[in-house]
Amino acid sequence: ISITLVGVSIPTFATDPIRFEKRCEDDSLSPSAAFGRNDWAQKCKYISHRTWDFNVNDDYGNRRGRPFYPSFYEPNNFDHWFKAPTTKSANCGRGAGDKHTKILTCLSSCYTPDQKLLFPEGELTIYDAFSRQVKKIVTLDDAASLNNLQYTTRPVNAYSESVRDVLHEILVIKTQNGGQLKVTPNHPLLVSSGHMRNAENLKVGDSLISQNGTFDSIVSIKSTEFFGKVYNVRPDSSGENGVSLNGQIVIAQGFLSGSMYYQNTGAYHVNRLVLRDNLPEDLL
């Protein structure tokens, strides 16, 4: 069977398929440019107001830190892309002959395929989990704190995969106790203060949080290149009070790591205190 994602048919192997999201490295935009792309596409009636609102705003009406945005290609020719305008005032043509009429929605991703995440059945590479459409993942429990890490199992809401094999910048982070992570620069990781930080903002001497709650100091961060596809995952941690931030923290290569949520809808939580001790209210 197959499912259709914004005009693109991709194979799946389950009767109840997980929704996949893709991104477009060939048409990578900054947040400000992405907002402009959406304004242009809505003005030209290539997307509806409802789609525009979903792309630029989260469920609470706040502007996304990393918005979704449309990218255009020719029907039956997925490799022929059109880099559409990023300003609302631009002409509404979609390339030579106005032929780029199919739309793909772009979204960030961040793990190399060999990086291992913790699932109920044990550690799996993100590629294996994506390929098998693993339905559940281990996350922090809502009651977890820095002094009392607790874990639970939640459903997987979505995976993301790069549209195609391209060259990525990858940060290889090594720690004092022999740990290693390979992530894109905008990948969120939890540090020993309880704050979420993008990998590009980490430095030698910062400490990541291990699954067992110990702090592991970073001894080196090196930039390298990886040619291929990268992947990410987003747990379903929605509840009566909105999205649980703890529920969007997964275990990657033995370290507490932010999910796809922190790169997109919840990007405004990056650099904020996410995980802290449970203090009495009268002390806050």
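**View 1. Contacts of L208 in the predicted model.** Leaving aside neighbours within four places in sequence, L208 is in contact (heavy atoms within 4.5 Å) with I173, T175, L181, L189, L190, V191, L202, T214, F215, D216, I218 and F255. This is a predicted model, in which local features need pLDDT of at least 70 and side-chain atom pairs count only at pLDDT 80 or more, while totals for chains, interfaces and linings use all residues. Residues are numbered from 1 along each chain as its sequence is written, and side-chain values use heavy atoms, with hydrogens and water left out.

View 2. A nonpolar core is a set of buried Ala, Val, Leu, Ile, Met, Phe, Trp, Tyr and Cys residues joined through side-chain atoms within 4.5 Å; buried means under 20% relative accessible area, exposed over 50%, and partly exposed in between, with a 1.4 Å probe and protein chains only. The largest such core has 27 residues, and those with the most contacts inside it are Y111, L117, F119, Y159, I173 and L208. At least two residues of this core are supplied by each of β7 (116–119), α3 (126–132), β10 (151–162), β11 (166–175), β12 (180–183), β17 (231–235) and β20 (249–252). Helices (H or I, at least four residues) and strands (E, at least two) are DSSP runs, numbered from the N terminus. With three residues, α3 gives the most to this core. A second, separate core of 17 residues includes V138, I251, L256 and L275.

**View 3. The four-stranded open sheet.** Four strands are arranged in the order β12-β11-β16-β15, with antiparallel pairing; two strands pair if DSSP finds at least two bridges between them. The edge strands are β12 and β15 (207–209), each of which pairs on one side only. From one strand to the next, the twist averages 40°. β15 is joined to β16 (residues 215–228) in the antiparallel sense over three bridges, and S217 in β16 is the bridge partner of S207.

**View 4. The β11–β12 hairpin.** β11 and β12 pair in the antiparallel sense over four bridges, with I173 opposite L181 in β12. Four residues lie between the two strands of this hairpin, and G178 in the turn has a positive phi of about 95°.

View 5. Three bridges join β4 and β5 in the antiparallel sense, and F72 stands opposite F82 in β5. Axes are lines fitted to C-alpha atoms, for helices over the stretch in contact, and angles run from 0 to 180 degrees between N-to-C directions.

**View 6. Packing of helices α1 and α2.** Two packed helices are described by the angle between their axes and the distance between the axes. For α1 and α2, the angle is about 175° and the axes are 10 Å apart. The two helices α1 and α2 are therefore roughly antiparallel to each other; angles under 35 degrees count as roughly parallel, over 145 as roughly antiparallel, 65 to 115 as roughly perpendicular and the rest as oblique. F35, N38, D39 and Q42 of α1 make the contact with H49, W52, N55 and V56 of α2.

**View 7. The buried side of helix α2.** In α2 (residues 49–56), the buried residues are W52, N55 and V56. They cover an arc of only 80° around the axis, which puts them on the same side of α2; the arc is that of the directions from the helix axis to the C-beta atoms. Among the elements covering these buried residues are α1 (31–43), β4 (69–74) and β6 (102–106).

View 8. A267 lies in the segment after β21 (255–258) and is buried, with a relative accessible area of 15%. A267 and R63 are 204 residues apart in sequence and 9.9 Å apart in space, C-alpha to C-alpha. N271, also found in the segment after β21, is partly exposed, with a relative accessible area of 42%. Neighbours within four places in sequence aside, N271 is in contact with H195, M196, R197 and N201. N271 and L190 are 81 residues apart in sequence and 9.5 Å apart in space, C-alpha to C-alpha.
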